[in-house]
Amino acid sequence: MNQDFLKDLNKEQLQAVLQKDGPMIILAGAGSGKTRVLTYKVIYLIAESISPFNILMVTFTNKAAKEMKERMQKFFKKSGEEVFEFPSISTFHALCAKILRIDGEKIGIPKNFLIYDSQDQKDAIKEAFNLLGLSIKEYKPSSTLATISQAKNELIDETKYPSFARGHFQEIVSKVYLLYQKILKENGALDFDDLILKTVELLKQNPEVLEKYQNKFQYILVDEYQDTNHAQYLLTKMLSAKWNNICVVGDFSQSIYSFRGADFLNLSKFKEDFKNTKTFSLSQNYRSTQKILDGASSVISKNNGHPVLKLWTENKMGEDIIVFEAINEQMEAEFIVNSIEKIKYDNPNLNFYDFAVLYRTNAQSRALEEIFIHRSLPYILIGGTRFYERKEIKDVLAYLKVISNPKDKVSLKRLEKLGKGKFTKFLDFQKTLEGKDVNNQTSISIMEDVLRATDYLLMYDEKDDEDLGRLENIKELKSVAVSFPNLGEFLENVSLIEQEYIPDHIKDENGKKDAISLMTLHAAKGLEFPIVFMVGMEEGLFPHSRSMMDKNELEEERRLCYVGMTRAREKLFLTYSRKRLFFGQKTSNIVSRFILELPEITLQKSLNQMTNDIPEYL
């Protein structure tokens, strides 16, 4: 095969691609061409007469696996090379599902096993609760499931977990775990965590099976290695133990998923487990301007718990990072909308999909969505549901709608589905309102009274990330209630916003949805946009209040800020508000330390100048 394609690589990339054998780490900074290096590395191995049959590439998402396959197909089609077989390119879970379908019977797993999704898992957990006589109110199924998931990620099965259990809750979990696994087995099912746990179990108990896959996968490449958990780490270690031809790609500074069990220290551990590991650094950035990189590097350099790559680029210096101080969250949202409209007016070739607005918590989307709707700007929520369509918001609104109009049968039906106990408590609460004019009470007081009377909030556990997000959304609905004290006006405002929503099916000439992307910073990883707004840059919001007292969590917040900043190609806006009506309370906020850590040379204006300039933006 002609190796002219190697000319497409820079010096750092070329060194990483040409290292054919042995264990290696590729430290790939944001926007450094990591996907290209991985693709070319596989192509180079094939050019060096390594059979595609013997190459395995593992990714974290189906999207990443699909992109790798498409790039490879495109390359071979363009070069005219005939490749009759492609390497195995799949996610961890897809790889393990395939192995278990072939050899799982050796540890009692049927070939036609089912894979339970999250709803199936919750149903199985609830069945275990019923059999054990446990109350769903007292022990949350979601928290129990999250604890079992953590155990499986650490390769602790249901028989070992009781010896690790500490405290009352974990002792309860140990009983549920045993029964939950029994229910899965009776149904011929595995959950997602089982796929990896059981594959490791299979390989440990059957040396001949392990050797079969070791002989098949003589060259292994693993993407996003900083996101691996213990089970994934051990799986790749076992599969590569015979040939030691394993290449892992990662970036300490982009490790933001510790809540899912990811451990960025696996990158450091790798060097201990694989002797003579070679390390290559990809520090040239092809995405952002130098000023954006300087700002992001300044923030991440404050972390000392892991190595930090110093990124550089041949791109132009670019425009200054713009920091905007708003008086409140409405002004912050107005500034974003005005800026988008002005930038589009000055640059007619830009589309709405060239803009992204990033925030720390899902609840922050509410104020943004409302202004986007009022100003008729199309938007899409990436990885999320529009604020007023979220389950918990619709539930609370249903309570308020029935209080306002007892004849609302649609809302009554929704409340019935929340359970007999809650519905009875609501009817009892409703009786206390008979003969009273609810419009003489404030929206916020009625909302708090009904939530208290029905024990609705007890459905959610603050320790569970998903539940915490739901509780934060309900608190954010209180902000709307504070703004509209009259219940009728509050409900009317919500209805108008829902009515005004612009569908996101508007497309450009290439058939791409032309809408501004709204998403959390976590959802933004792996994406890039010409213009990025990061909002709510305030202490307690970002970095999040939960991380303030823990050094490791604070470092993860800083990595999250770094990830957000490096999504921007050309323009980066950082906004914060002096006062914010957030979670139903007015707060005075201190600017985020991440803004204060930026070098003055990267900023368009100093913070005190920004305050005086606010009127010219609005």
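Modeller: At 31% relative accessibility, Asn244 counts as partly exposed; buried means under 20% relative accessible area, exposed over 50%, and partly exposed in between, with a 1.4 Å probe and protein chains only. The model is predicted: local features need pLDDT of at least 70, side-chain atom pairs count only at pLDDT 80 or more, and totals for chains, interfaces and linings use all residues. Residues are numbered from 1 along each chain as its sequence is written, and side-chain values use heavy atoms, leaving out hydrogens and water.

Asn244 lies in the loop between helix 11 and strand 7; helices (H or I, at least four residues) and strands (E, at least two) are DSSP runs numbered from the N terminus. Its phi is near 60°, a positive value in a residue other than glycine. Glu224 likewise has a positive phi without being a glycine, at about 50°. The place of Glu224 is the loop between strand 6 and helix 11 (230-240), and at 18% relative accessibility Glu224 counts as buried.

Strand 6 (219-222), strand 7 (246-250) and helix 2 (34-47) are the elements that give two or more residues to its lining. A cavity is a set of points, on a 1 Å grid over the protein atoms alone, where a 1.4 Å probe fits but cannot get out, and lining residues have an atom within 4 Å of a point. About 50 Å³ of space lies in this cavity; grid points are joined across faces, edges and corners, and the volume is the space filled by probe spheres set on the points.

The lining consists of Lys20, Gly22, Met24, Lys41, Leu45, Tyr219, Ile220, Leu221, Asn245, Ile246 and Cys247. Strand 6 supplies the largest share, 3 residues. By class, 7 lining residues are nonpolar, 2 polar and 2 charged, where Ala, Val, Leu, Ile, Met, Phe, Trp, Tyr, Cys and Pro count as nonpolar, Asp, Glu, Lys and Arg as charged, and the others, Gly among them, as polar.

Of the 13 residues that line the largest cavity, Glu329, Glu332, Gln364, Ala367 and Arg580 lie nearest its centre. Helix 14 (329-346), helix 15 (365-374) and strand 15 (579-582) each contribute at least two lining residues there. The classes in that lining are 6 nonpolar, 2 polar and 5 charged.

A pocket, by contrast with a cavity, is an open set with protein on both sides within 12 Å along at least five of seven lines. The second largest pocket holds about 670 Å³ of space. It is lined by 23 residues, with Lys126, Ile136, Lys391, Met459 and Tyr460 nearest its centre. Its lining comprises 6 nonpolar, 4 polar and 13 charged residues.

As for the chain as a whole, it has 24 helices and 16 strands. The radius of gyration, 27 Å, is close to the 25 Å that the globule rule gives for 618 residues, so the chain is as compact as a globular protein of that length; the radius is taken over C-alpha atoms, and the rule is 2.2 Å times the number of residues to the power 0.38. Along its principal axes the C-alpha trace spans about 85 × 65 × 45 Å. Buried residues make up 57% of the 618 residues. Of the contacts (heavy atoms within 4.5 Å) with a separation of 6 or more, 78% join residues 24 or more positions apart.

In helix 13 (residues 290-300), 10 of the 11 residues are buried, among them Ile292, Leu293 and Val299. Their cover includes helix 22 (551-565), strand 14 (568-577) and helix 23 (593-596).
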